[in-house]
Amino acid sequence: MEEQDQELIERYFRNALSAAEQAELERRVASDAGFRLELEAQRKVRQAVRLREKKEVLERLAQRGRELDAREKQNGGKRRWWLAGGLILLLVLLAWWQWNGKPAATKQEPPPVLSGQDSTQRIPPPDTPRTTAPPDAPAVKKPENQLPVASRDTRERLFAAHFKPYKDESLEPSLRGDDPPPPPEKFRQLYWDGQYPEALSQFENLPAAARENDNELFIKAECLLATGRADEAARIFELILKNDRSRYTDAAAWHLALAYLKTGDMGRAKSRLQRISRSNASPWRADAAALLTSIQ
Amino acid sequence: MGVRFTLPDHYYATTRWSKAVYYSNNILTFSPNYPKLGNTGLTDSAEILRALSEGHTQVLQSLYEQHRPDFFRWAGRRIECGRPEMEDAWQEAVFAFYEQAASRKLTAFRYNARTWLFAVGYRKLLNQRRKTKWIFWKDEIDDALVRDPVFQQFPGEEPGAEEQASLLASMEEMSTQCRNLLRQRFFLEKSIPEIQQLYDYQSTNALSVSLSRCLKRLKELFREKAGI
């Protein structure tokens, strides 16, 4: 094959032929078998070189494509996990709001059924009765430190499990024949018998000095707590503890914690229970610790 | 900040390319003064075309990565086809771009690279499927396909699968040196003096002799594979 023919073929593949050269090429293809074979061989060479280059490039691109897909899948998987996590968190928050976030019902729940004849408590030391200011202390704050763990039902259940109106020998009324008992005696009798609403009514009949006595106030607070009026009971217990003149201060502290629990003031309840559980003198130390664990 | 391509070591011998870029730690970086492979920067980049014409296929990889997700979304809205088909079409488009640049048929961009690649990939998908979704809007790719006859040549004719296998098998039997020479001469369309400079041949005659031997051997292999 002459060099001139090679150049013609090469220019043909580069689309660089003039009209005259194109005519010459077509003439040679039609008349010269050797030229035709060389043209075909050159075509195959170019196809072979191109195919090999294409194969290499496409293999490399395909490999890169697989890497990109894998990375995208991984990122997509992570995104899905984040979305799922966010959704779960949202559901948990909604559930928590459902249980604890709703405003408390204004209607008081009926008081739990309480047994009234249990007197296994420790006998407190002798009291020092004296008149005190009426229980017009600052109102118990609305629940502001509610802990998310204590739902209303849980609080009620814990309260019912731990609250028993305080009774000991000092509170047991003495029998005095057929004469009607004086108001203080009747008040204690009603309390002892578990007739808490009646006892509360009777409290109003007590002499003014008796109504300001911390021990009598303690019994009134117990009646209030037993009838579900925890807010009012808490105010009296706080006063008793502040005055620190009653023989029932330990019991008042314990029942104040329970009153906080019942009203949903979990922050104060927890704080009060911690103090009781750390106090060696309190007969309710173990109960407070147990309740604290239940709350937490 | 430039766009970075990792190049094999032997590319670092190419002196002309090194004027357009600077190298460090096997990373080829477009200098800040050169157009970048951004959404628009590449479109006017003669340097990109020159890199491809010299066989720097790593540039292709960046093109492939940069527009691939967009092409999949775009094509997926237009043609009912699976991801593997779109992947094939996209690879073919990228290779066609390379081939056009390598053979110096594509020396300047009338469209940006994205439009060019999308048009070619889209034609490939149309050729395979011929089933399109309803298209409620036209974009620059539709315009390019309608107006420019250059896109009618894609996809080009390919030899049959059997012939392809035979041609590839023949190439695989060639020496690495021959394959490189043939690639430079017949794919990258380099002149004899250019190849002589690239591979440090003592003379153009020496290179021509080597090239002739390689061609002769390849033709022999063609005949062997064809059983002639």
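**Close-up 1. Leu90(A) is partly exposed in this predicted model.** Its relative accessibility is 48%. Exposed residues lie over 50% and buried ones under 20%, so Leu90(A) falls in between. Leu90(A) sits in helix 3 of chain A, which covers residues 33–101.

**Close-up 2. Leu90(A) belongs to a nonpolar surface patch.**

**Close-up 3. Chain A and chain B bury about 3100 Å² between them.** Carbon and sulfur atoms account for 58% of that buried area. Arg52(A), Glu53(A) and Leu61(A) supply 19% of the area that chain A buries against chain B. The contact draws 28 residues from chain A. Chain B brings 35 residues to the contact.

**Close-up 4. Salt bridges link chain A and chain B.** The count between the two chains is twelve. One salt bridge joins the side chains of Arg64(A) and Glu65(B). Its N to O distance is 2.2 Å. Helix 3 of chain A provides the largest share of the side of chain A that touches chain B. That share is 25 residues.

**Close-up 5. Polar contacts also run between chain A and chain B.** There are 14 residue pairs in polar contact, with both residues at pLDDT 80 or more.

Key. Residues numbered from 1 in each chain as written. Chains lettered and ligands numbered in written order. Predicted model: local features only at pLDDT ≥ 70, side-chain atom pairs only at ≥ 80, totals over all residues. Heavy atoms only, no water. Patch = residues over 30% accessible without salt bridge, like charges linked within 9 Å, V, L, I, M, F, W, Y side chains within 5 Å. Areas by Shrake-Rupley, 256 points an atom, 1.4 Å probe, with all protein chains shown as cover. Salt bridge = Lys/Arg side-chain N within 4 Å of Asp/Glu carboxyl O. Helix = DSSP H or I, 4+ residues; strand = E, 2+ residues; numbered from the N terminus. Buried < 20%, exposed > 50% of the residue type's maximum accessible area, 1.4 Å probe, protein only. Contact = heavy atoms within 4.5 Å. Buried area = accessible area lost by both parts, 1.4 Å probe. Polar contact = N/O pair within 3.5 Å; in protein donor to acceptor, adjacent residues only side chain to side chain.
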